[in-house]
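Student: I am new to this model and would like a close look at one part of it. Please begin with the whole chain, then go to the part.

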Amino acid sequence: ALDLVIESQEQELRLRSLTIKRWLRTKEVALYLGTSEGAIRNMVLRGNLKPRKYSSRNYFSRDEIDGLIE
């Protein structure tokens with residue numbers, strides 16, 4: 001039971017930290033939106049999300065993501 005509480009608190013802290021970061025990776029966007037990484041990749045393929053490439057990695061603007069959900 002204590003492990004679940006600790007895990008829940010860690011998840012909450014990770015989610016809170018995402019509201020501070022300006023650029024998010026695919027996994028972080030999925031956590032932020034409460035969906036899967038595959039769903040994020042589909043959004044990119046459909047043109048709903050535009051990643052910025054840096055060192056062969058995709059980064060997403062949190063401001064742009066917030067604009068999509070508002």
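Tutor: The model is predicted, and the values here are computed from it. The chain exposes about 5,400 Å², and 51% of that comes from carbon and sulfur atoms. Of the 70 residues in the chain, 20% are buried. The C-alpha trace spans about 40 × 30 × 20 Å along its principal axes.

The chain has 4 helices and 3 strands, which follow one another along the sequence in the pattern α-β-α-α-β-β-α. Strand S3 covers residues 57-61 and pairs with strand S1, residues 23-24, in the antiparallel sense over 2 bridges. One of the residues bridged here is Trp23, whose partner in S3 is Ser61. On the S2 side, 3 bridges join S3 to residues 52-54, again antiparallel; Lys53 has Asn58 as its bridge partner. S2 and S3 form a hairpin with 2 residues between them, and Ser55 in the turn has a positive phi of about 55°.

The sheet is open, with its 3 strands in the order S1-S3-S2. S1 and S2 are at the edges with a single partner strand each, so one side of each has no neighbour in the sheet.

Now to Arg62 itself. Is Arg62 buried or exposed? Its relative accessible area is 15%, and buried means under 20%, so Arg62 counts as buried. Apart from neighbours within four places in sequence, Arg62 is in contact with Leu18, Thr19, Ile20, Lys21, Arg22, Leu24 and Tyr32. Leu18, Leu24 and Tyr32 from that list also belong to the largest nonpolar core.

Arg62 has a charged partner too. Side chains of opposite charge can pair when their charged atoms come close. The side chains of Arg62 and Asp66 form a salt bridge, with 2.9 Å from N to O. The two residues are 4 apart in helix H4, so about one helical turn separates them. Asp66 is buried, as is Arg62.

The side chain of Lys21 meets that of Glu28 at 2.5 Å, N to O. Lys21 is partly exposed, with 33% relative accessible area. The structure holds 4 salt bridges, including one between Glu37 and Arg41 at 3.4 Å, N to O. That pair lies in helix H3, with 4 residues from one to the other, about one turn of the helix. Glu37 is partly exposed at 31% relative accessibility, and Arg41 is partly exposed at 47%.

The core mentioned above deserves a short account. It has 9 residues: Leu18, Leu24, Val29, Ala30, Tyr32, Ile40, Leu49, Phe60 and Ile65. Helix H2, residues 26-33, gives the largest share, 3 residues. In soluble globular proteins, nonpolar side chains tend to be buried together. Val29 touches Leu24, Ile40, Leu49, Phe60 and Ile65, leaving out residues up to four places away in sequence.

Leu49 lies in the loop between helix H3 and S2. Leu49 is buried, with a relative accessible area of 3%. Beyond four places in sequence, the contacts of Leu49 are Val29, Ile40, Met43, Val44, Phe60, Glu64, Ile65 and Leu68. Across the chain, 43% of the contacts with a separation of 6 or more join residues 24 or more positions apart.

Leu2, Val5 and Ile6 make a nonpolar surface patch of about 270 Å². Val5 belongs to helix H1, residues 2-18, and is partly exposed at 42% relative accessibility.

Note on methods: Residues are numbered from 1 along each chain as its sequence is written. This is a predicted model: local features need pLDDT of at least 70, side-chain atom pairs count only at pLDDT 80 or more; totals for chains, interfaces and linings use all residues. Side-chain values use heavy atoms; hydrogens and water are left out. Two strands pair if DSSP finds at least two bridges between them. A nonpolar core is a set of buried Ala, Val, Leu, Ile, Met, Phe, Trp, Tyr and Cys residues joined through side-chain atoms within 4.5 Å. Buried means under 20% relative accessible area, exposed over 50%, partly exposed in between (1.4 Å probe, protein chains only). Contact means heavy atoms within 4.5 Å. Patches are made of residues with over 30% relative accessible area and no salt bridge: like charges are joined within 9 Å, nonpolar side chains (Val, Leu, Ile, Met, Phe, Trp, Tyr) within 5 Å. Accessible areas come from the Shrake-Rupley method with a 1.4 Å probe; for residues, only the protein chains shown count as cover.
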